[in-house]
Structure formats: C-alpha cells, structure tokens
Amino acid sequence: MADVQAIKAGKLTAAIDPHGAQLRSLALNGREYLWQADARWWGKSAPVLFPMVGSLRAETATCAAGTCHMGRHGLARDYDHELVENTGASVTFRLDSTDETLAKFPYRFRLEMTYALEGEATLAQTFAVTNTGEAPMPFGLGGHPAFNAPLVEGEAFEDYALAFERPWTATSPVIAEGGLLDYGSPVTLLEDADRLPLTHELFASDALVLEGVPGGTLTMAGPAGHGVRVDFAEFDHIGVWSAAPDAEGVPAPFVALEPWCGTATRTDEDDVFEHKQNCLTAAPGETVTRTFRVTLL
C-alpha cells in the first residue's frame, strides 16, 4: 500500500490516506482544520461514502442485480485505494470492484477520488464513478469531512455557528432506529433566518439532514472568523453531525459537514436500492462526477 500522500500549494497543505482514500489533514498557515480522528469520540476524519450514504434497513436491500449487504455509508472507506498520481498539488486514488465488493454491492465499478488544492485556501474533492459492468448501476456517494470546533484557543464550541447565504426555513428529518430517516415529524431548525448557533444538544439524536440549502453553500465559523465554507451545489443534501460525549461525558470538539448524493433509507421507503432518495444511476461505461469544495477561513 502507498504511504499517506501529502499535497501542498503555498501555505495550504493536505494529507490523504490510501486506506479509504480518506483526508487526514487540511491545514493553512500551520493551523490544522481537520478533526484528527481521536477515538475518544470518533476515530475517523473524513471517510469517503460510496456506493451509499447512511444506512439500509437491516443493512440489506434488493436491486436489479441481486441483493446489497452493506453497513452504514457503504464500502469504499473499508478498502485500500490504489495511488494513481500525485502532482504535488493534487492526488488521485482508485478503487475497483472485486469479488469481495460484488458480494456486498453486486455491480462492477471504478471509483476515482481526486483531492486538489485550488487558490490560497481551497480543497476540491472530486468523485468520479464509472460503471464498468453491463447493466445500469444505482449508487449514492458523499463526503464526511469533520472540522475542529473550536479552532482557536480560548473559544468554545458554542461560540461557533452555521451561516447560510440568505435567510430560509430549514427542517430536518429525525434519525430513527437503525439510522433510517423519519420525515413524519420533521424538526424545524431555522425560520426565516440565516444563522444557526451550534450547541451539542443539536446532535442529541444524531445528524441534521438539510436539503435545499440556499446557493448550495454552508459556512461554519467562530467569533475570530476562523472556520470553513463548504460549497456543494452538485449535491442534494448536506449532513451536519457531531459525536456523542466521550465516556467521561466530555462533548465532542468537532462538527462534520457532509455533502451527500443520496441518503439513508427513509422509514416510508421500501427496500429496493434503486428507490433510495436521490439515488444516482450510471449507464454501462458511463462516468458520473461530483465535486465539492472546502475553503478555509
């Protein structure tokens, strides 16, 4: 397996682990913005979600090609990805389907993940999914980068807020048993407002799931102005999540901002993979690409 790959552009640096093609560091001027996978709360930093986002009911769904058997967020995060190229300012990894993946997701695919530094403070993360089989392939994909909050000594988690491009009314489904999405009694998070202060209580029932975010952009920042902006116009949803307190009751000092194409199975959906909310489809030989960008502030 290749070593962790470093890329750099000016004072912006990133590091990507071939295992899962997972971002492990994202820093500007020596300040680390990415959560550093402390297992007290959550031992990952930014897993790649493919070929699904969230959970299937009982980890199983039927599809035109057979049966899918996958845990939360699919399988890409569990495998070593092949290094394709590191140009110095960008790096690409590849994961091809195998007999082992076909037993979980019965479609042949190639997933290429590219991380590219742009300008003085932006990382672009691009998914390129190719259907290498002979039948239409349904799938979902998403990012799961988590960011330190607070970022500055002397600040607190509660000093941070999510900011939107304009005032809007935002609701979120409830995360039900098994990680499914229950839209029966959605929670109202904002009413004609453009700012949502962060509290740990927001995540008492798991993630917030936002759809129709104005401009496809979301900023998380603290009082000193340090934070991140995520631009995700090519994605239907963004999940916002923080982990439960550790064993001693200390709250988690991070927030994940997760652009998604597709979601967990809804409680009012059946168990056909193709019927999952916002499911993508690639024709045989087709490559589907999606990119989101993280700008450090």
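Contact is taken here to mean heavy atoms within 4.5 Å. In this predicted model, and leaving aside neighbours within four places in sequence, Leu257 is in contact with Pro145, Phe147, Leu162, Leu218, Met220, Val228, Val230, Ile238, Gly239 and Val240. Leu257 is also one of the residues that, together with Phe105, Leu111, Phe139 and Met220, touch the most other members of the largest nonpolar core, a set of 74 residues. The largest share of this core, 5 residues, is contributed by strand β9 (residues 109–118). Apart from it lies another core, of 10 residues, which includes Trp35, Trp42, Ala207 and Ala243. In soluble globular proteins, nonpolar side chains tend to be buried together.

Several strands pair with β20. Strand β19 (residues 237–241) runs antiparallel to β20 and is joined to it over 5 bridges, with His237 standing opposite Trp260. Strand β13 (residues 146–148) is likewise antiparallel to β20, through 3 bridges, and Asn148 has Phe254 as its bridge partner in β20. Strand β12 (residues 141–142) pairs with β20 in the antiparallel sense over 2 bridges, where the bridge partner of Leu141 is Cys261.

At the level of the whole chain, the secondary structure consists of 1 helix and 22 strands. An open sheet is formed by 9 strands, which follow one another in the order β7-β8-β9-β10-β22-β18-β17-β14-β15 with antiparallel pairing. Its edge strands are β7 (82–86) and β15 (181–197), each of which pairs on one side only, and the twist from one strand to the next averages 25 degrees. Within this order, β18 (residues 227–231) and β22 (residues 287–296) pair in the antiparallel sense over 4 bridges, and Arg229 stands opposite Thr295 in β22.

A further open sheet contains 4 strands in the order β1-β2-β3-β4, again with antiparallel pairing. Strands β1 (5–9) and β4 (31–32) stand at the edges of this sheet, each with a single partner strand, so one side of each is left without a neighbour in the sheet. The antiparallel pairing of β3 (residues 22–28) with β4 rests on 2 bridges, and the bridge partner of Ala27 in β4 is Glu32.

The overall dimensions of the chain were also examined. For 297 residues, a compact globule would have a radius of gyration near 19 Å, and the value of 18 Å computed for the chain agrees with this expectation. Along the principal axes, the C-alpha atoms fill a box of roughly 55 × 50 × 40 Å. Buried residues account for 54% of the 297 residues, while the chain exposes about 12,100 Å², of which carbon and sulfur atoms supply 47%. Among contacts between residues at least 6 apart in sequence, 65% join residues that are at least 24 apart.

How values were computed
Residues numbered from 1 in each chain as written. Predicted model: local features only at pLDDT ≥ 70, side-chain atom pairs only at ≥ 80, totals over all residues. Heavy atoms only, no water. Pairing = 2+ DSSP bridges. Axes fitted to C-alpha atoms, helices over the stretch in contact; angles between N-to-C directions. Core = buried A, V, L, I, M, F, W, Y, C linked by side-chain atoms within 4.5 Å. Buried < 20%, exposed > 50% of the residue type's maximum accessible area, 1.4 Å probe, protein only. Rg over C-alpha atoms; globule rule 2.2 N^0.38 Å. Areas by Shrake-Rupley, 256 points an atom, 1.4 Å probe, with all protein chains shown as cover.
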